[in-house]
Amino acid sequence: MYAQMVKATGKGVKTREQMDENERHFQDRIDNDIKIEAKDWMPEGYRKTLKRQISQHAHSEIVGQLPEGNWITRAPTLERKTILLAKVQDEAGHGLYLYCAAETLGISRDEMTEQLLSGKAKYSSIFNYPTLTWADMGAIGWLVDGAAIMNQVPLQYCSYGPYARAMVRICKEESFHQRQGFDIMNVLAKGSEAQKAMAQDALNRWWWPALMMFGPSDADSVHSAQSFAWNIKQNSNDELRQKFVDQTVPQAEFLGLNVPDSDLKWNDKKNGYDFGAINWDEFFAVIAGDGPCNKERLGARQKAWNDGAWFREALIVNAEKRAACKQAAE
Amino acid sequence: MSQKNEWPLWEIFVRGQHGLAHRHVGSLHAADAEMALNNARDVYTRRNEGLSIWCVPAAAITASAPSEKGPLFEPSNSKVYRHPTFYDIPKEIGNM
């Protein structure tokens, strides 16, 4: 998802007998759906895991602006341009809500930025694919934001208060993102042959990376048990992926587009679709930094950070100077 | 990327349309109060959420500690007579 493969620290889930008094009290609160707040006692592993998870999520929102920012100046109409601008602005906002939530755990904004720019912190694999045509703006909104919503809706009820509250705001805004994407696809799919082909090509390129967003198969997901126990993960990767396929295939059919999977078939028994094998080698390569755009994305963030250094410093100096003037005048 | 140059943290409160009090909506970083207001407008009121914004330096907030929860809040648990539902009003009286 936006935070794929978050390593939970600790060695497996402790039984109640293995927990000390603080840990037992903490687990009781979680089991009773009482939110954990920033100043409450929490196990170090919970704090560390959440720092990773929330900062990865935030980084994904920030890096996620780049593939779409690519098309702002070339949107086909003024209306599409204003919509895309608003959407990319929302992504920046989502990143900021999440950075603030992570900061409550005792990590500074600059530390998180440093971890992103050095490559130490990850962000979602999906943003390392290029946006080649206007139809990619449709496919991203429809598929990528659609997949994100599946994961983010349950996170509104996660155990950590600041994270849950950030997710409430994000989910309210996310629905616009998915719908504007579907609308782009719908217009193209009903357009000329060339436009329809462009929509199909975008679906072909984004389908599999979208399925990979949910992260490795449960069988290979080693950190889930602890995150489930802490209620910072509520659904398994495979469960959400299945839900996404079941929801999206009929939408593709409505558009008259073909899902690029020859193994895709309705399965009456499980009341869902069977689908083909995912290329996990590709996923792990992209996560490790070898995707088509990893270097470009990180390069853009590094450039923005370095080019903005004088500006950040100037504003601090200006603020100090003005505060000193004000004090002198009093 | 030195820590001392990090912009300070501000807590943001927004009053919505319906006459309710300012409500905490989140936080952000800004070099000074003016910039905090501008950023709060962009980050927290993109969809007509507010008519007024307060920005407070996070360092200026005094908060109760989680460990004080007991002494601070438990005494009110036993004072059920402070709630209207504590009193039985005869049916004949109707709404009160």
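This report walks through a predicted model of a complex, from confidence to core, interface and salt bridges.

## Confidence

The model is predicted, not experimental in origin. The predictor gives the complex an ipTM of 0.85. The pTM is 0.92.

Chain B has a mean pLDDT of 91. In that chain, 96% of residues reach 70 or more. Strand β3 of chain B, residues 52–57, has the highest value, 97. Helix α2 of chain B, residues 69–73, has the lowest, 90.

## The nonpolar core

The largest nonpolar core holds 95 residues. Tyr46(A) and Trp207(A) have the most contacts inside this core. Helix α6 of chain A, residues 135–155, supplies the largest share of the core, 11 residues.

Leu84(A) lies in helix α4 of chain A. Its relative accessibility is 1%, so Leu84(A) counts as buried. Beyond residues up to four places away in sequence, Leu84(A) touches Glu68(A), Trp71(A), Ile72(A), Trp134(A) and Met137(A). Take Ile72(A) from that list. Leu84(A) and Ile72(A) are 12 residues apart in sequence. In space, their C-alpha atoms are 6.4 Å apart.

Asn267(A) sits in strand β1 of chain A, which covers residues 265–267. Buried or exposed: which is Asn267(A)? Buried, because its relative accessible area is 19% and the cut-off for buried is under 20%. The side chain of Asn267(A) makes a polar contact of 3.0 Å with the side chain of Asp274(A). Asn267(A) touches Gly272(A) and Tyr273(A) as well as Asp274(A), not counting residues up to four places away in sequence.

## Where the chains meet

On the chain A side, 27 residues are in contact with chain B. On the chain B side, 25 residues are in contact with chain A. The area buried between chain A and chain B is about 2200 Å². Carbon and sulfur atoms give 53% of this area. In chain A, the residues that lose the most area to chain B are Asp110(A), Arg169(A) and Ile316(A). Together they account for 24% of what that side buries.

Polar links also cross between the chains. There are 12 residue pairs in polar contact between chain A and chain B, both residues being at pLDDT 80 or more. Four elements of chain A give two or more residues to the side that touches chain B: α4 (78–103), α5 (109–117), α7 (161–189) and α13 (309–329). The largest share of that side, eight residues, comes from α4(A).

## Salt bridges between the chains

How many salt bridges run between chain A and chain B? The count is six. One of them joins Arg322(A) to Glu34(B), with the closest N and O atoms 3.1 Å apart.

Another joins the side chains of Glu173(A) and Arg46(B), at 2.9 Å from N to O. This pair runs from helix α7 of chain A to the loop between α1 (33–44) and β3 of chain B. Glu173(A) has a relative accessibility of 3%, so Glu173(A) counts as buried.

## Salt bridges within chain A

Over all chains, the whole structure has 23 salt bridges. Glu103(A) pairs with Arg109(A), the closest N and O atoms being 3.2 Å apart. Both partners are buried. Glu103(A) is at 15% relative accessibility, and Arg109(A) is at 13%.

Asp307(A) and Lys303(A) form a salt bridge of 2.7 Å, N to O. Why are Asp307(A) and Lys303(A) separated by about one helical turn? Because they are four residues apart in helix α12 of chain A, residues 294–307. Asp307(A) is partly exposed, at 42% relative accessible area. Lys303(A) is exposed, at 53% relative accessibility. Elsewhere, salt bridges with shared partners join Glu68(A), Lys87(A), Glu91(A) and Asp145(A) into one network.

Technical notes. Residues numbered from 1 in each chain as written. Chains lettered and ligands numbered in written order. Heavy atoms only, no water. pLDDT = per-residue confidence, 0-100. Core = buried A, V, L, I, M, F, W, Y, C linked by side-chain atoms within 4.5 Å. Buried < 20%, exposed > 50% of the residue type's maximum accessible area, 1.4 Å probe, protein only. Polar contact = N/O pair within 3.5 Å; in protein donor to acceptor, adjacent residues only side chain to side chain. Contact = heavy atoms within 4.5 Å. Buried area = accessible area lost by both parts, 1.4 Å probe. Salt bridge = Lys/Arg side-chain N within 4 Å of Asp/Glu carboxyl O.
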